[in-house]
Amino acid sequence: MNNPNRRKVLSLGVALGLVGVADPARAWAWGPAGSVAGAGTGDDPEYVWDSATDPLMVSLLENGQVPSVNAAMARWVNNGDALPSGLPAELTAHLRTVNRLPSWANPAKLARAADFNRRKDTYLFMLYGLGSGIMSTVIPREARSVYWSFGGADMKDRAAKTFTFGYDLSQLDAFKPTGQFIVTANKTRLVHGAVRHLLPQSPHWKAGADQAIPISVADILVTFHSLGTYVHRKMLDWRIPMSAADQEAFLHSWQVAIHLLGVPDEYIPQTWAAAEAQSAQVLTPILAPTPEGLDLAEVLLGLTAEIDLGVTRGFLNEFVRYALSNEVGDWLKLPRDYAAAALVRTAWPAFILFREGLSPVMPGTFYMFDQFVRALAMLFLNKGASTSTTPITIPTGNRPAG
């Protein structure tokens, strides 16, 4: 049967470099045999949330304890820090259970992933920032949840946090006692639990929602694929040299990351092939523009333009189109700059070849690209406002009306 929606999903999947694109009408079919657990119920993650965290957050919100929790957790930053004093007993008990690496975490792979992130940070800056960060604005549920939650009231601050999550994971000591990602993930998990309770109370969110409760396990998997799976595939497409061991280590860091966010192990892909098959189920078919996403995209691109060291907005728009497809660029109403488009599509591959030592010829545009990457690094490493940590606080309400 000639299905225009099917054609749209296939073409967008190809443009994004994703393979095995699924039919958007297809029911959940990804099997737990392909997961790190190797087995499971096979339940659709669309209807799975966080049974360990959600009831706890409802209790803390309804009892008015969240402000004191936020004050106590402000002192909790590094993975090696003791749990803060002054937390409710039930929250302390929960954190003692989850504030650790899973038993299957492989320290050698995590160390290799950290080294890989260091060696390939040029491409990670570009792909997490101008690829994954902007892709988040055409993930309808994510865009609406970001916009109508409390953080949406300060879109610049919220955009900075959206922009930096993938790179927080890429820090050299992300999983070590001196790093911060385990704490960041646990705080984010608590925020998710609070938002699941709060957003259904927002008439603005409900007006466009297609689910009764936000941030299902399926939604978290969508975020994983818009970050990890997308970045891995684009690096392959750009022919950036990566050993099999490097690719496995990069995946492992993401496996551990989404476990820490509360995703049951039966939904965490064991291999990149399994990840791409799952991405075809949950990510590519749902990409679409929304009014909230258009607003968020403009803030994200504006945030980058503030530190772009002279790169034009036309160049920025065209790099987004190069990384995400013209279809996504059209959805976001990014004006065309055909001179910048030609520059990006010819000079960026030459930049990669020279950076990787695969060409002795330094492209004339090397300095421009190098400065632009440095500018993105400033954005990531400054994390919008703080040079030491990404501040995460649990909300007590939604975005104010008006």
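1. Tyr-322 is located in helix α15. In this predicted model, Tyr-322 has a relative accessible area of 15% and is therefore buried, the cut-off being under 20%. Leaving out residues up to four places away in sequence, Tyr-322 touches Lys-234, Trp-238, Val-344, Arg-345, Trp-348 and Pro-349. Tyr-322 and Ala-341 are 19 residues apart along the chain, and their C-alpha atoms are separated by 7.8 Å.

2. Helix α15, which spans residues 313-324, also holds Phe-315 and Phe-319; these are four residues apart and so are separated by about one helical turn. Phe-315 is buried, its relative accessible area being 3%, and Phe-319 is likewise buried, at 0%.

3. How are the rings of Phe-315 and Phe-319 arranged? A pair of aromatic rings is described by the distance of the centres and the angle of the planes. For Phe-315 and Phe-319 the centres are 6.2 Å apart and the planes stand at 40°, so the pair is tilted. The whole structure contains 22 aromatic pairs. One aromatic cluster includes Phe-315, Phe-319 and Tyr-322, together with Tyr-123, Trp-238, Trp-348, Phe-351, Phe-354, Phe-366, Phe-369 and Phe-372.

4. In soluble globular proteins, nonpolar side chains tend to be buried together. The largest nonpolar core here has 106 residues, and those touching the most other members are Leu-130, Phe-175, Met-235, Trp-254, Phe-319, Trp-348 and Ile-394.

5. Which residues surround Phe-175, once its neighbours within four places in sequence are left aside? Phe-175 is in contact with Asn-79, Leu-101, Leu-110, Leu-169, Phe-181, Ile-182, Ser-253, Val-256 and Leu-260. Among these, Leu-110 belongs to the α5 side, and Ser-253 and Val-256 to the α12 side, of a contact between those two helices.

6. Helix α5 (residues 107-119) packs with helix α12 (residues 244-260) at an angle of about 110°, the axes being 8 Å apart. This angle makes α5 roughly perpendicular to α12. From α5, the residues taking part are Lys-109, Leu-110, Arg-112, Ala-113, Phe-116, Asn-117 and Arg-119; from α12, they are Ala-245, Asp-246, Glu-248, Ala-249, Phe-250, His-252, Ser-253 and Val-256. Seven residues of this contact are nonpolar, three are polar and five are charged.

7. Ser-170 lies in the loop between α8 (155-169) and α9 (181-198).

8. Pro-203 is placed in helix α10 (residues 203-208) and is exposed, with a relative accessible area of 58%. Pro-203 and Trp-148 lie 55 residues apart in sequence, and their C-alpha atoms are 9.5 Å apart in space.

9. Finally, some totals for the protein chain. The chain has 18 helices and zero strands. Of its 402 residues, 56% are buried. Of the contacts with a separation of 6 or more, 77% join residues 24 or more positions apart.

Conventions: Residues numbered from 1 in each chain as written. Predicted model: local features only at pLDDT ≥ 70, side-chain atom pairs only at ≥ 80, totals over all residues. Heavy atoms only, no water. Axes fitted to C-alpha atoms, helices over the stretch in contact; angles between N-to-C directions. Parallel < 35°, antiparallel > 145°, perpendicular 65-115°, else oblique. Contact = heavy atoms within 4.5 Å. Nonpolar A, V, L, I, M, F, W, Y, C, P; charged D, E, K, R; others polar. Core = buried A, V, L, I, M, F, W, Y, C linked by side-chain atoms within 4.5 Å. Buried < 20%, exposed > 50% of the residue type's maximum accessible area, 1.4 Å probe, protein only. Phe/Tyr/Trp six-rings, centres within 6.5 Å; stacked < 30°, edge-to-face > 60°.
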